[in-house]
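Colleague: Before I plan around this model, could you take me through what was computed from it, one question at a time?

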Amino acid sequence: MTHLDPRERHQLENDALAHRHAREKLEIERRKRFQSRIETSERLSRERALRREQRLQQEAKLERERTAEQARKIDNVAMQDFYDAARDQGLWKDRKFEGGELSESFNDAAEFEQGANGSGDDESRAGQRRHGP
């Protein structure tokens, strides 16, 4: 546009530049809004994934606890059945022990023999066994 006055040409170029800057500014704002939406979407997705993972962990923990509880119940039922069967067959006798009676019963069941001095200490006999008859 060489036929235009330089001042008029300069004014047209400035207007064109201002329009271009306005378009670029709108494009930058549009990209910011778009990026903000993407970030919001990704943040929400990450939060949902974390909540889902926590829920799955809790469900797995509850399932382990349920399984353990069922195993305990099965063990308890098996033990009760065993005791009931032993009681029915006369093998299990409910007996209350008085003080000292339990140790006597235990010693009798183990066929425990008291030592030469009567204290239950077999050191004197152990020495005889080492050195001969």
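Colleague: What is the accessible surface of the protein, and what share of it belongs to carbon and sulfur atoms?
Modeller: This is a predicted model, in which local features need pLDDT of at least 70 and side-chain atom pairs count only at pLDDT 80 or more, while totals for chains, interfaces and linings use all residues. Residues are numbered from 1 along each chain as its sequence is written, and side-chain values use heavy atoms, with hydrogens and water left out. By the Shrake-Rupley method with a 1.4 Å probe, where for residues only the protein chains shown count as cover, the accessible surface comes to about 12700 Å², and the share of carbon and sulfur atoms is 51%.

Colleague: In what order do the elements run from the N terminus on?
Modeller: Helices (H or I, at least four residues) and strands (E, at least two) are taken as DSSP runs and numbered from the N terminus. The protein has three helices and zero strands, and the order of its elements is α-α-α.

Colleague: In which helix is confidence lowest, and in which is it highest?
Modeller: The predictor's confidence in each residue is given as pLDDT, from 0 to 100, and for the protein its mean is 81, with 76% of the residues at 70 or more. Over residues 115-133 pLDDT stays under 50, and the model has 13 contacts (heavy atoms within 4.5 Å) beyond four places in sequence for that stretch. Where pLDDT is low, the predicted coordinates should not be read in detail. The lowest mean, 46, falls in helix α3 (residues 123-131), and the highest, 93, in helix α1 (residues 6-88).

Colleague: Why is the pair of F82 and Y83 classed as it is?
Modeller: Rings of Phe, Tyr and Trp (its six-membered ring) pair if their centres lie within 6.5 Å, and planes under 30 degrees apart count as stacked, over 60 as edge-to-face and the rest as tilted. The structure holds one aromatic pair. Its rings, those of F82 and Y83, have centres 5.6 Å apart and planes at 65 degrees, so the class is edge-to-face.

Colleague: Which residues make the nonpolar surface patch of about 320 Å²?
Modeller: Patches are made of residues with over 30% relative accessible area and no salt bridge, like charges being joined within 9 Å and nonpolar side chains (Val, Leu, Ile, Met, Phe, Trp, Tyr) within 5 Å. F82 counts as exposed at 56% relative accessibility, while Y83 is partly exposed at 32%. M79, found in helix α1, is partly exposed at 44%. The patch is made by M79, F82 and Y83.

Colleague: How far apart are the closest N and O atoms of E27 and R30?
Modeller: A salt bridge is a side-chain nitrogen of Lys or Arg within 4 Å of a carboxyl oxygen of Asp or Glu, and a search of the whole structure finds eight of them. E27 and R30 both lie in helix α1, three residues apart, about one turn of the helix, and each is partly exposed, E27 at 29% and R30 at 41%. Their closest N and O atoms are apart by 2.5 Å.

Definitions and conventions:
Buried < 20%, exposed > 50% of the residue type's maximum accessible area, 1.4 Å probe, protein only.
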